[in-house]
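Hi,

Here is the structure I said I would pass on.

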Amino acid sequence: MSKNVKFVQGNEACVEAALYAGLDFYAGYPITPSSEITEAFAYRLPQIGGKFIQMEDEIASLCAIIGASLTGRKVMTATSGPGFSLMQEALGYAIMTEIPCVIVDVQRGGPSTGLPTQGSQGDVCQARWGTHGDHAIVALTASNHQDVFSITVEAFNLAEIYRTPVILLLDELVAHMRERLVIPQPGEIPLVERLKTSVKEGVDYHPYLPREDGRLPMSDFGGVHRFNVTGLFHDMWGFPSSEPRVVHGLLHHLVDKIENRADQLARYREFYIEDAEQLLLSYGAASRSARHVVEDRRLHGERVGLLELQTLWPFPSGIVRQKCARAKSVVVVEHNMGQIMQAVKLAVDHPDKVFLANRIDGVFITPSDIMNILRLIQGKGV
Amino acid sequence: MAIKNYLRERFFPHLWCPGCGHGMVLNGLLRAIEKLGLSKNEIVMVSGIGCSSRITGYVDFHTLHTIHGRALAFATGVKMARPELNLIVPMGDGDALAIGGNHFIHAARRNIDITAIIMNNRIYGMTGGQFSPLSGENISATTAPFLTIDPSFDVVQLAKAAGATFVARTTTYHIQQMSDIIQQAVLHKGFSVVEVLSQCPTYFGRKNKIGDAVDMVAYFKKNTTPIGSKAKQENPYLLERGIFVKEEKPEYCSLYEKVVQKAMKGQ
């Protein structure tokens, strides 16, 4: 079979992947630099009988996809920083009610309206802690279009397995860049379909009673089981409860189902890590420059390696600690003021060997920016 | 089916105060559904946050108790995904028209087939008696110790202007009318708005010295009149109740189906 090759933007790679994963409901609101995603679904979804709706704001967009997910559909919305800020309350609702959905945040410079058309990775911590209360979250990212494709499919799969919202943290640089994309054949990437309850009509179905393996089989709204869904702490029936035992149990369930599986959820790529004395740790667009530095320095015989994270949350602390153990220095390369660097410092055995190479001015960090930092650490001066 | 069969008795007693009007709205709503003969599996009830929104917990439908003000946005998602389901969205006055005002006018503009029931007790009850955008002027509330200066929305005018194709008002005193109106609202294909004046004796009544629950319900009897009645001509201060708007216009999900047909043909 001939390969299905496209030359597309990162945003289009995300759309192709979502359709590959079986997305059939999308709600969105225009915002730069994510609008191409919303526009593409407006065109593509009606062609396959799927549902597209442009809502009145980002809050409504997330609410609408949560409602649609409850009827059994695979759903997504896409936005950028300001819209992602608006979504935080509904994000917490999806976490609390365990409703699968995928939220794309194509990051731009912030805070506030910031730099609408320029790249940033400033929403990493917002993805982790933007919504109120203790909680866990899954947030993924990718640095090139082929990986955007596979990670988007992965986002849908993880949302179904763990019954959780999954955040896809793209950035303007990758989203608007054009690059080659090979669309995988159907079946090439495994898809996870929704786990439906096997409880028959007329038999009590407990929507919030996890199975032995921790998973919660669902019943679609409109189906034979009628149940209550609420953002309040709730019992196995989905009915509000403030009983301390119920509250404690549910909060632990919500956090543990993700945090206890941080290593399993970790997706990452590694380049020349084995003997690396200087280890670059990066993700998303920034890791493209980091990769360039590593390839270049290796040609000069320098032992530089790269760990590219694709799962940012839950933070893969165990893997980061292990991969960083032998390096003399770890340089975190990111387009923010050290949001992942803080997590790396907490994870490694020697936080004082962790440094930051960053740019926060809307400009793509260059290999020479990173080289300068490496030389400073090595005591060579710029 | 008996009314009792629509209730989740497991979750009783309910949390509403003695004398609260919201139980009367539940009564009128369930009688309407009983008369319509709808199956429980065909009904999705979506609510936001507030005293009124707790109604979803007590009924044996597919129920979605969401976040403050956003019930109609969630309901829009459910309806678009499964247009054959009946969506009923009970909301409080603050929930529907303060924090949820934007979603309210946009749901009306789309004319999506959802029945919105605004349980208007003119106060935020759950948080302890603050004024709402439906309280009106010269009302005493915990956030208006010197009485309100905020004018009120007229729900009927607002819904009409925003594009709702079924708009009605009734009260908890007029249970029979409430039930009839809700029946018609559910049957109507398009966005339906039913404002039900409901009493909050705990906060609104007590703060404004209107009396107890019975006095408040009697107030609805005395101060409302059927649309276009002679009494209204004689006393313009009376509030009209009944069906103000009932018109056929293309419904959103049906229009979307046409978009799908067009898109598929174009391929």
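One cut-off before the rest: a residue is called buried when its relative accessible area is under 20%, exposed when that area is over 50%, and partly exposed in between. Please also keep in mind that this is a predicted model.

With that cut-off, A:Glu16 counts as buried, because its relative accessibility is 12%. A:Glu16 makes a salt bridge to A:Arg44, and the closest N and O atoms of the two are 2.8 Å apart. The pair links distant parts of the chain, with A:Glu16 in helix H1 (residues 10-21) of chain A and A:Arg44 in helix H2 of chain A, 28 residues apart. A:Arg44 itself comes out as partly exposed, at 26% relative accessibility.

That is one of 34 salt bridges over all chains, and a couple of others deserve a look.

Take A:Glu154 and A:Arg267, whose closest N and O atoms are 2.5 Å apart in a salt bridge. A:Glu154 sits in helix H7 (residues 145-162) of chain A and A:Arg267 in the loop between helix H10 (262-265) and strand E11 (268-271) of chain A, so this pair ties together parts 113 residues apart in sequence. A:Glu154 is buried at 17% relative accessibility, while A:Arg267 is partly exposed at 23%.

Over in chain B, B:Asp60 and B:Lys40 form a salt bridge through their side chains, at 2.8 Å from N to O. B:Asp60 belongs to the loop between helix H2 (55-58) and strand E2 (62-65) of chain B, and B:Lys40 to the loop between helix H1 (22-36) and strand E1 (43-47) of chain B, so the bridge ties together parts 20 residues apart in sequence. B:Asp60 counts as buried, with 14% relative accessibility, and B:Lys40 is buried at 14% as well.

A:Lys51 is placed in strand E3 (residues 51-54) of chain A. Leaving out residues up to four places away in sequence, A:Lys51 touches residues of both chains, among them A:Asp24, A:Tyr26, A:Arg73, B:Ala81, B:Pro83 and B:Tyr256.

On helix packing, the axes of helix H3 (residues 71-81) and helix H5 (residues 101-110), both of chain B, come within 8 Å and cross at roughly 35°. The crossing of H3(B) and H5(B) is left-handed. On the H3(B) side, B:Leu72, B:Ala73 and B:Thr76 meet B:His103, B:Phe104, B:Ala107 and B:Arg110 of H5(B).

In chain A, helix H13 (residues 339-347) has A:Gln339, A:Ile340, A:Met341, A:Ala343, A:Val344 and A:Ala347 buried. The cover over the buried residues of H13(A) includes helix H6 (124-129), helix H12 (317-324), strand E12 (278-283) and strand E15 (329-334) of chain A.

- A:Trp313 and A:Pro314 are joined by a cis peptide bond, with omega about -5°; A:Pro314 is in the loop between E14 and H12 of chain A.
- B:Phe12 and B:Pro13 are joined by a cis peptide bond, with omega about 5°; B:Pro13 lies in the segment before H1 of chain B.
- B:Asn138 is not a glycine, yet its phi is positive, near 60°; B:Asn138 is exposed at 56% relative accessibility.
- B:Leu147 is likewise a residue other than glycine with a positive phi, near 75°; B:Leu147 lies in the loop between E6 and H6 of chain B and is partly exposed at 40%.

Last one: A:Pro30, in the loop between strand E2 (25-28) and helix H2 (35-47) of chain A, is partly exposed, with a relative accessible area of 41%. Beyond its neighbours within four places in sequence, A:Pro30 is in contact with A:Ser35, A:Gln54 and A:Glu58.

Cheers

Methods: Residues numbered from 1 in each chain as written. Chains lettered and ligands numbered in written order. Predicted model: local features only at pLDDT ≥ 70, side-chain atom pairs only at ≥ 80, totals over all residues. Heavy atoms only, no water. Helix = DSSP H or I, 4+ residues; strand = E, 2+ residues; numbered from the N terminus. Contact = heavy atoms within 4.5 Å. Axes fitted to C-alpha atoms, helices over the stretch in contact; angles between N-to-C directions. Left-handed = near helix turned anticlockwise from the far one by under 90°. Buried < 20%, exposed > 50% of the residue type's maximum accessible area, 1.4 Å probe, protein only. Salt bridge = Lys/Arg side-chain N within 4 Å of Asp/Glu carboxyl O.
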